[in-house]
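Hi everyone, and thanks for coming.

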Amino acid sequence: NSGGFRMTYNDSDTLYLDLLWFQTGESATAHRDEALYGVNLDYNLDTRGDRRSLLNAIFCVFSNDQNSNRVYNLGAGIDYWWESLELFAEVHGQFGDYSRLNGTRVTGLASTVTGKQIDQKAWGGYVGGKYEFESDYKPWIDLEFWYLTGDSGQFTQDNEDFVSMENVNDS
């Protein structure tokens with residue numbers, strides 16, 4: 001289960017500031033509930049019509065209720081419309097404490113590393129474009145390139161996997 005809230009402040013159609021907090025919950029006794037909280041800022045560059053160009057910045061934190069680990073996410077993006085062509089890009093960096101080894105054999109590491117911290121060091125982003133054709137059916141074509149870091153090795157104390165909350169409520 002998941003739930004939360006988002007509060008938005010805006011000063012006309014130019015600036016939007018969101019405060020957010022979401023929680024995933026489990027019904028079992030060994031909880032591994034996670035929280036996501038942060039701030040999102042959208043600045044509209046052009047407020048004419050339905051196609052709005054904007055700049056975006058976000059800072060958020062992932063945390064777990066079983067420990068003091070925190071993963072921080074800092075990101076920025078742009079979405080720019082020129083006539084029927086949309087160009088967009090976004091990049092995010094993640095850092096913080098991903099996990100602590102508990103003495104069991106984790107990803108091939110010996111149990112002698114009990115209590116060692118695994119650091120989060122990841123980044124991801126995408127760039128792309130979309131063209132909307134003028135027609136009653138509103139067809140469009142889209143081309144995007146995505147990149148997310150992956151873990152470089154099982155014998156390091158760094159997690160380089162990009163952590164995403166996508167599909168967190170799917171079963």
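Before we start, one term: two strands are said to pair if DSSP finds at least two bridges between them. Please also keep in mind that this is a predicted model.

With that term in hand, look at strand β7, residues 117-132, and strand β9, residues 158-159: they pair in the parallel sense over 2 bridges.

Now let's step back to the whole chain. How many helices and strands does the chain have? There are 0 helices and 9 strands. Of its 171 residues, 27% count as buried. The accessible surface comes to about 11500 Å², and carbon and sulfur atoms account for 55% of that. If we take the contacts between residues at least 6 apart in sequence, 43% of them join residues at least 24 apart.

Next, the inside. Which residues make up the largest nonpolar core? They are L20, L36, C60, F62 and V71, 5 residues in all. Stay with V71 for a moment: leaving aside residues up to four places away in sequence, V71 touches C60, V61, F62, Q94, F95, D97, Y98 and Q120.

On to the aromatic rings. The count comes to 7 aromatic pairs. One of them is F5 with W21, a tilted pair at 6.2 Å centre to centre, with 35° between the planes. F5 lies in strand β1 (residues 2-10) and W21 in strand β2 (residues 15-24), so this pair ties together parts that are 16 residues apart in sequence. F5 is partly exposed at a relative accessible area of 40%, and W21 is partly exposed too, at 33%.

Another pair is Y72 with F95, which is stacked: 5.5 Å centre to centre and 25° between the planes. Y72 sits in strand β5 (residues 70-82) and F95 in strand β6 (residues 85-100), 23 residues apart. Together with F59, Y72 and F95 form one aromatic cluster.

One last thing to find on your screens: K130 lies over the face of W140, at 4.7 Å from the ring centre.

Terms used. Residues are numbered from 1 along each chain as its sequence is written. This is a predicted model: local features need pLDDT of at least 70, side-chain atom pairs count only at pLDDT 80 or more; totals for chains, interfaces and linings use all residues. Side-chain values use heavy atoms; hydrogens and water are left out. A nonpolar core is a set of buried Ala, Val, Leu, Ile, Met, Phe, Trp, Tyr and Cys residues joined through side-chain atoms within 4.5 Å. Buried means under 20% relative accessible area, exposed over 50%, partly exposed in between (1.4 Å probe, protein chains only). Contact means heavy atoms within 4.5 Å. Helices (H or I, at least four residues) and strands (E, at least two) are DSSP runs, numbered from the N terminus. Accessible areas come from the Shrake-Rupley method with a 1.4 Å probe; for residues, only the protein chains shown count as cover. Rings of Phe, Tyr and Trp (its six-membered ring) pair if their centres lie within 6.5 Å; planes under 30 degrees apart count as stacked, over 60 as edge-to-face and the rest as tilted. A charge sits over a ring if NZ of Lys or CZ of Arg is within 6 Å of the ring centre and within 35 degrees of the ring normal.
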